Amino acid sequence: MSLGQDTKRALRGAAIGVAVLWLVHLVNALTGYELNRFGIWPRTLAGLPGIGLSPLLHANLLHLVANSGPFFVGLVAIRLLARRSALPVVAALWLGTGALVWLLGRSLIHVGASGVVYAMLAWIVVRGFRSGDLRGIILGVVIAVLYLPILVGVLPSFGPVSWESHLAGVVVGILLALKLSDRRLPRL
């Protein structure tokens, strides 16, 4: 059985996205995780670059491994649902989540792709159910079933996990899916 052109592009794009995470992590690890200073420092001028850079940075290898699979799945599903508009959707989820963490997060450094992962998964589920398209509904159901248990990550905790990033991602993902579901997605 041959994969369709859309699926091949989705898999290739997601593989490149995950490879970028791993490449940045390699450089970060080799520098003793010095790059993590470019994470999100809420409500500080120095923390603004973290809005865009934080998802590329991880605290350690286990952190990166935990985010890589869901990040890959999210990128593939968004590419299949949004087609040529996938890049603007991912960019909006990425930057929207980071901006919300910068505004509302605890005063500690926030790094990792999990906020974006939560945003992507929330977008996929809401967009899938609102699309009326069988493929979108199936993707939404599959993602909801597979990743529903991680929603516990949006609950406030006092450990090193940025629950604020998770909650911000879910909020941004839902809002973007609701906003874009009633009109055409932008095309690149």
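This is a predicted model: local features need pLDDT of at least 70, side-chain atom pairs count only at pLDDT 80 or more; totals for chains, interfaces and linings use all residues.
## The nonpolar cores

Let's start inside the protein: the largest nonpolar core has 36 residues, and those touching the most other members are Phe-71, Ile-78, Val-89, Leu-93, Met-120, Trp-123 and Ile-124. At least two residues of this core come from each of H1, H3 (61-82), H4 (86-104), H5, H6 and H7. There is also a second, separate core of 5 residues, with Ile-40, Ile-51, Trp-102 and Ala-168 among them. As background, nonpolar side chains tend to be buried together in soluble globular proteins.

Beyond its neighbours within four places in sequence, Ile-124 is in contact with Gly-74, Ala-77, Ile-78, Leu-81, Leu-139, Gly-140 and Ile-143.

The mean pLDDT of the protein is 91, and 94% of its residues reach 70 or more. Among the elements, helix H2 (residues 50-53) has the highest mean pLDDT, at 98, while H6 has the lowest, at 88.

## Where H5 meets H6

Two packed helices are described by the angle between their axes and the distance between the axes. For helix H5 (residues 114-131) and helix H6 (residues 134-147), the angle is about 140° and the axes are 7 Å apart. Their crossing is left-handed.

Which residues in H5 and H6 meet? From H5 come Leu-121, Ile-124, Val-125, Gly-128, Phe-129 and Ser-131; from H6 come Gly-136, Ile-137, Leu-139, Gly-140, Val-141, Ile-143, Ala-144 and Tyr-147. Sorted by type, the residues of this contact are 10 nonpolar, 4 polar and no charged.

## Two residues at either end of the story of H5

Gly-115 lies in helix H5. With a relative accessible area of 4%, Gly-115 falls under the 20% cut-off and is therefore buried. Its contacts, leaving aside neighbours within four places in sequence, are Thr-97, Ser-165, His-166 and Gly-169. From Gly-115 to Ala-144 there are 29 residues in sequence and 16 Å in space, C-alpha to C-alpha.

Ser-131 is found in helix H5 as well. Is Ser-131 buried or partly exposed? Ser-131 counts as partly exposed because its relative accessibility is 30%. Not counting residues up to four places away in sequence, Ser-131 touches Gly-136 and Ile-137. The C-alpha atoms of Ser-131 and Ser-162 are separated by 31 Å, and these two residues are 31 residues apart along the chain.

Asn-28 sits in helix H1 (residues 5-30). At 1% relative accessibility, Asn-28 counts as buried. Leaving out residues up to four places away in sequence, Asn-28 touches Tyr-33, Glu-34, Leu-35, Asn-36, Leu-57 and His-58.

Gly-47 belongs to the loop between H1 and H2. Its relative accessibility is 0%, so Gly-47 counts as buried. Setting aside neighbours within four places in sequence, Gly-47 is in contact with Gly-39, Ile-40, Trp-41 and Trp-102. Pro-149 is 102 residues from Gly-47 in sequence and 31 Å from Gly-47 in space, C-alpha to C-alpha.

## Two arginines with positive phi

Most residues other than glycine have a negative phi. Arg-43, in the loop between H1 and H2, has a positive phi of about 60° although it is not a glycine. Arg-43 is partly exposed, because its relative accessible area is 43%.

Arg-83 is in the loop between H3 and H4. Its phi is near 50°, again a positive value in a residue other than glycine. At 38% relative accessibility, Arg-83 counts as partly exposed.

## A look at H7

Finally, Val-171 is in helix H7 (residues 163-181). Val-171 has 34% relative accessibility, so it counts as partly exposed. Tyr-118 is 53 residues from Val-171 in sequence, and the two are 9.0 Å apart in space, C-alpha to C-alpha.

Key:
Residues are numbered from 1 along each chain as its sequence is written. Side-chain values use heavy atoms; hydrogens and water are left out. Helices (H or I, at least four residues) and strands (E, at least two) are DSSP runs, numbered from the N terminus. Buried means under 20% relative accessible area, exposed over 50%, partly exposed in between (1.4 Å probe, protein chains only). Contact means heavy atoms within 4.5 Å. Axes are lines fitted to C-alpha atoms, for helices over the stretch in contact, and angles run from 0 to 180 degrees between N-to-C directions. A crossing is left-handed if the near helix is turned anticlockwise from the far one by less than a right angle, and right-handed if clockwise. Ala, Val, Leu, Ile, Met, Phe, Trp, Tyr, Cys and Pro count as nonpolar, Asp, Glu, Lys and Arg as charged, and the others, Gly among them, as polar. pLDDT is the predictor's confidence in each residue, from 0 to 100. A nonpolar core is a set of buried Ala, Val, Leu, Ile, Met, Phe, Trp, Tyr and Cys residues joined through side-chain atoms within 4.5 Å.
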